[in-house]
Amino acid sequence: MGEIVVDVELENLSDRNLFERGYLAEEEIRHVRIPAVADTGAVMLALPEDVVERLGIDEVGTINTTFADGRRGELPIAGGVGIQIGDRSMIGRCIVAPTGSDPLIGQVNMEEMDLIADCTNQTLHPRPESPERPLLRL
């Protein structure tokens, strides 16, 4: 079994809001499309610092982190990022990882977009019970 890598579209939510209010042209919305690893061991979205800088999203705090190799540290969190995988989307925050790190899609993202990681087939797809849109349990 290998990694599940999917294309993720990211955009600056502040730019999107300025566009919707008529202050910015749609082509001025900062966005990127990148491959990301669907990591069932990660909690939240993690993006390399250079991607966060390209998007122009602001740091909003820090978070204590345990890295895959067992080390612990503190990393910044940036907020106001639109996240789209296939036809599922959400608004969220991300951990700002060092440049060169793999972008990671975490459990929070998969849960909110109601996506299942299928390690055998190396795919990330909607749950069969909710093929058209997310179905969240309350």
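**View 1. Cysteine 119 and cysteine 94 in the predicted model.** In this predicted model, cysteine 119 counts as partly exposed, because its relative accessibility is 36%, which falls between the limits of 20% and 50%. Cysteine 94, by contrast, has a relative accessibility of 0% and therefore counts as buried. A search of the whole structure for disulfides finds 0 of them.

**View 2. Strand 6 and the strands that pair with it.** Strand 6 spans residues 88–97, and because 7 of its 10 residues are buried, it is largely enclosed by the rest of the structure. Strand 3, made up of residues 46–48, runs parallel to strand 6 and is joined to it by 3 bridges, with alanine 46 standing opposite isoleucine 95 of strand 6.

**View 3. Aspartate 118, a buried residue without a salt bridge.** Aspartate 118 has its place in strand 8, which covers residues 115–118. Although aspartate 118 is buried, it has no salt bridge, and the nearest side chain of opposite charge, that of arginine 127, is 14 Å away. Leaving aside residues up to four places away in sequence, aspartate 118 touches Ile4, Thr123 and His125.

**View 4. Arginine 33 and aspartate 7, a salt bridge between two strands.** The structure holds 9 salt bridges, and one of them brings together the side chains of arginine 33 and aspartate 7, with a distance of 3.3 Å from N to O. This pair links distant parts of the chain, since arginine 33 belongs to strand 2 (residues 31–38) and aspartate 7 to strand 1 (residues 5–12), 26 residues apart. Arginine 33 is exposed, with a relative accessible area of 54%, whereas aspartate 7, at 42%, counts as partly exposed. Asp7 and Arg33 also belong to a network of salt bridges that includes Glu9.

View 5. Arginine 30 forms a salt bridge with aspartate 15, their closest N and O atoms lying 2.7 Å apart. Because arginine 30 lies in the loop between helix 1 (13–20) and strand 2, while aspartate 15 lies in helix 1, the pair ties together parts that are 15 residues apart in sequence. Arginine 30 is partly exposed, with a relative accessible area of 36%, but aspartate 15 is buried, with a value of 5%.

How values were computed. Residues numbered from 1 in each chain as written. Predicted model: local features only at pLDDT ≥ 70, side-chain atom pairs only at ≥ 80, totals over all residues. Heavy atoms only, no water. Disulfide = S-S within 2.5 Å. Buried < 20%, exposed > 50% of the residue type's maximum accessible area, 1.4 Å probe, protein only. Helix = DSSP H or I, 4+ residues; strand = E, 2+ residues; numbered from the N terminus. Pairing = 2+ DSSP bridges. Lys, Arg positive; Asp, Glu negative; His and termini not counted. Salt bridge = Lys/Arg side-chain N within 4 Å of Asp/Glu carboxyl O. Contact = heavy atoms within 4.5 Å.
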